[in-house]
Amino acid sequence: EGQGGYQGLRKALKELSPAEVHEMVKESGLRGRGGAGFPTGVKWGFLPNDGRPRYLVCNADESEPATFNNRMLIEYNPHQLIEGILISAYATGAAQSFIYLRGEFKRGYDVLMRAMEQARRKGYLGKNIMGSGFDQEITVHRGAGAYICGEETGLLSSLEGGRGQPRLKPPFPAVSGLYGMPTIVNNVETLCNVPHIIYRGVEWYRSIGTEKSPGPKIYSVSGKVKRPGNYELPLGVTFAELLDLAGGLHEGRRLKGFQPGGASAPILTADHLDVPLDFDSTMEAGSMLGTAGVIVFDDTVCLVRVARYYADFFSNESCGQCTPCREGTAWKSRILRRLEEGGGTMHDLDVLRSLKRTMQGTTICLLSDASTFFVQSVLERFPEEFEAHVTAGGCPLQLEEVRSA
């Protein structure tokens, strides 16, 4: 409270109607921080006004490799998230709220449950919050380590007690979500922005970031940098500025490439140092901001090895519901392993290039598509790395290490 906690909630409940809160979020231009970058206020507007109970679900199943900002927000500022959920539930008319929390976040779970108890004791959670007549309960549900449950419809299936398998859309969750009722699913970081928009105002919020991507963003930087970690900066900061803040590359190393949005994002190269890291600019450059998990590769990194690591991950995490994904991710993993181990052929490279046709746009959810983005981008931007694995009979970097040893 001493740091301004729950002031946004107080303002919302005492001074604003749910429609006014919704309008402020819409005007702020807040875009979903979970990867898609869809405008939050617009998403809330999809809820049908048909008398059915509505639900708000917070997606806290942060499972994208190299993304770790939600975890920090939950562990170090849980009240900000609780406040964001309460304001959003008030704005959307939610009968109840849920937090679907990644199962591995044990410390985050303990911190969150303690914070919810503190909020309840202070009258910020439960019945008649702040004497306003607004009631809201938040239920925390722990996942069981499935990446696919980060996809909103897979998350809802799991929350209902079923297998975490994505559903066909339409109908979208806003029309038929949790228990078949209108449901809004928002990411942790998205909801953490809401209290600040309400308390400080739309103009303040829009003064940060860019015209089309307003507000701050937490960039999770990992890979070959001196100071990996989370950096909160205005959307639209360039990769060069972020790299500088992360301490730059290690001495004597040269930048080979980077991913701006976690394991699913296509690779960008040293030619993209000045690309602003916002939703639209990264798309124009041929990648995506996604979760803003920025992974940096220097000249010691074998990109085929990275592609194989991701392929193994996506193969393990496919729910198996759709054939192109179930079979495609497994075969892609085998092909990349073969290339790494020296048994690859040029035909294998042609098969990897064909994945755009066979694995993209052919499944219920986007895991199949996302699993191909990185390997396709490396084939396009660094074809010589793959070809060298075929001609050298294995990974040239590994072979060089063996020779020098």
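## Helices on the sheet

Helix H8 (residues 188–200) lies across strands E1 and E4 and runs at about 90 degrees to E4. Helices (H or I, at least four residues) and strands (E, at least two) are DSSP runs, numbered from the N terminus. Contact means heavy atoms within 4.5 Å; axes are lines fitted to C-alpha atoms, for helices over the stretch in contact, and angles run from 0 to 180 degrees between N-to-C directions. Helix H5 (residues 78–92) lies across E1 (54–60), E2 and E3, at about 150 degrees to E1.

## Basis of the model

This is a predicted model, in which local features need pLDDT of at least 70 and side-chain atom pairs count only at pLDDT 80 or more, while totals for chains, interfaces and linings use all residues. Residues are numbered from 1 along each chain as its sequence is written, and side-chain values use heavy atoms, with hydrogens and water left out.

## The four-stranded sheet

Four strands form an open sheet in the order E3-E2-E1-E4, with parallel pairing; two strands pair if DSSP finds at least two bridges between them. From one strand to the next, the twist averages 20 degrees.

Strand E2 (residues 94–101) is joined to E3 by five bridges, and the two run parallel. Ser97 stands opposite Ile138 in E3.

## The chain as a whole

The secondary structure of the chain comprises 18 helices and nine strands. Along its principal axes, the C-alpha trace spans about 75 × 45 × 35 Å.

Buried residues (under 20% relative accessible area, 1.4 Å probe, protein chains only) account for 55% of the 405 residues.

How values were computed
Buried < 20%, exposed > 50% of the residue type's maximum accessible area, 1.4 Å probe, protein only.
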